[in-house]
Amino acid sequence: MKNVFLLLSFIATLFISGCGGGGSSTTAATAPSAPTGVTVAAGNTQITPGWTAATGATSYNVYYRTTAGVTIANGTKVANATSGAPITGLVNGTAYYVVVTAVNAGGESALSGEVSATPAVAAPTGVTATAGNGQATVSWSAVSGATSYNVYYGTTAGVTIANGTKITGTTSGTPITGLTNGTTYYVVVTAVNATSESAVSIEVSATPVAPPPPPAAPVGITIASGNAQATLTWQAATGATSYNVYYKTTPGVTAANGTKITNTSSGTPITGLTNGTAYYFVVVAVNAGGDGAASSEVGATPTAPSAGIASGLTI
């Protein structure tokens with residue numbers, strides 16, 4: 001009887017082992033949760049989706065189309081997508097709607113929340129505005145893919161395409177004229193191509209100002225002749241930022257009829273003159289307001305140096 005019991009116990013053990021009893025059980029994998037924190041940024045003919053990593057996900061799929069309500073069934077699929085990787089070859093000016101799913105061995109998650117973006121040419125960068133007399137000169141860096149640019153401006157901060165005064169098809173470095181001196185103007189720039197207009201650039205500002213009056217005529221003019229040259233000196237004129245010299249070989253020199261030397265300084269010789277010929281000179285002080293009146297006229301005759309007498313020669 002004991003032998004029969006042992007035999008039955010052995011058979012039962014074999015049966016349990018064959019049915020998996022007493023061993024470790026295998027738990028089926030489950031699909032991850034849907035991605036969260038989904039965003040999408042627009043670029044020139046592209047969009048860039050991003051999302052927060054989902055626990056347990058081994059890869060991600062992106063689905064997109066040009067109407068809202070994207071699903072796995074109706075969207076264009078980008079398999080094994082990476083957060084931050086752009087989807088290229090899209091049409092500027094067309095809205096694209098995007099969802100993301102997480103994937104692992106257990107399957108594909110539910111859809112993320114839907115987001116959208118509209119590709120467009122990039123906004124200009126490096127925008128500056130320089131004030132002038134009744135104007136402001138706006139400059140910017142060229143944008144890849146842009147065929148033209150629009151400038152929008154106003155007298156209060158927060159200029160947009162909707163509220164700004166528009167200048168169409170302008171170019172970098174072109175001044176906006178007809179402005180009021182003393183009034184601050186705020187400016188943004190957009191890039192344009194055949195299918196879209198970019199977002200606005202950063203906003204810059206400038207305040208046009210009237211120039212100062214031209215400086216007074218320089219005084220204290222002196223001149224010394226030399227070998228094929230003449231050297232003028234003068235006293236500094238209040239408010240002057242530079243000086244021009246005008247000269248000719250007959251009296252009555254003016255800015256209209258004289259040979260002009262630009263941005264010269266007191267004490268700088270004028271060279272290349274003809275010895276034995278009389279020259280007449282005036283000096284004009286300059287600043288942002290323009291050229292001042294001419295100084296009094298002075299004259300000099302360059303002269304070749306006298307020949308020296310050889311040492312030890314008896315005359």
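Tyr247, Tyr279 and Phe281 form one aromatic cluster. Rings of Phe, Tyr and Trp (its six-membered ring) count as a pair if their centres lie within 6.5 Å; planes under 30 degrees apart are stacked, those over 60 are edge-to-face, and the rest are tilted. The model is predicted, so local features require pLDDT of at least 70 and side-chain atom pairs pLDDT 80 or more, whereas totals for chains, interfaces and linings use all residues. Residues are numbered from 1 along each chain as its sequence is written, and side-chain values use heavy atoms, without hydrogens and water.

The structure holds 7 aromatic pairs. One of them joins tryptophan 234 and tyrosine 243. This pair is tilted, with 5.4 Å centre to centre and 55° between the planes. Tryptophan 234 is buried, because its relative accessibility is 9%. Tyrosine 243 is also counted as buried, at 12% relative accessibility. Here, buried means under 20% relative accessible area, exposed over 50%, and partly exposed in between (1.4 Å probe, protein chains only).

The protein chain contains 1 helix and 23 strands. Both are DSSP runs numbered from the N terminus: helices are H or I with at least four residues, strands E with at least two. Of the 315 residues in the protein chain, 33% are buried. The accessible surface comes to about 16700 Å². Carbon and sulfur atoms account for 56% of this surface. Areas follow the Shrake-Rupley method with a 1.4 Å probe; for residues, only the protein chains shown count as cover. Contact means heavy atoms within 4.5 Å. Among contacts between residues at least 6 apart in sequence, 64% join residues at least 24 apart.

An open sheet is formed by 4 strands in the order β12-β11-β14-β15, with antiparallel pairing. Its edge strands are β12 (165-170) and β15 (204-206), and each pairs on one side only. Two strands pair if DSSP finds at least two bridges between them. Within the sheet, β11 (residues 148-154) and β14 (residues 185-192) pair in the antiparallel sense over 7 bridges. Tyrosine 153 stands opposite valine 187 in β14.

Strands β9 (residues 128-132) and β10 (residues 135-139) are likewise paired in the antiparallel sense, over 5 bridges. Glycine 132 has glutamine 135 in β10 as its bridge partner. The two strands, β9 and β10, form a hairpin with 2 residues between them. In the turn, glycine 134 has a positive phi of about 70°.

A nonpolar core is a set of buried Ala, Val, Leu, Ile, Met, Phe, Trp, Tyr and Cys residues joined through side-chain atoms within 4.5 Å. The largest such core has 18 residues, and Val138, Trp140 and Val189 have the most contacts inside it. At least two residues of this core come from each of β10, β11, β14 and β15. The largest share, 4 residues, is supplied by β14. A second, separate core has 17 residues, including Trp51, Ile87, Val98 and Ala117. Not counting residues up to four places away in sequence, tryptophan 140 touches several residues, among them Pro124, Tyr149, Val151, Thr170 and Val189.

Serine 109 lies in the loop between β7 (107-108) and β8 (115-117). With a relative accessible area of 5%, serine 109 is buried. Its contacts, leaving aside neighbours within four places in sequence, are Ala31, Pro32, Ser33, Ala34, Pro35, Thr101 and Ala102.
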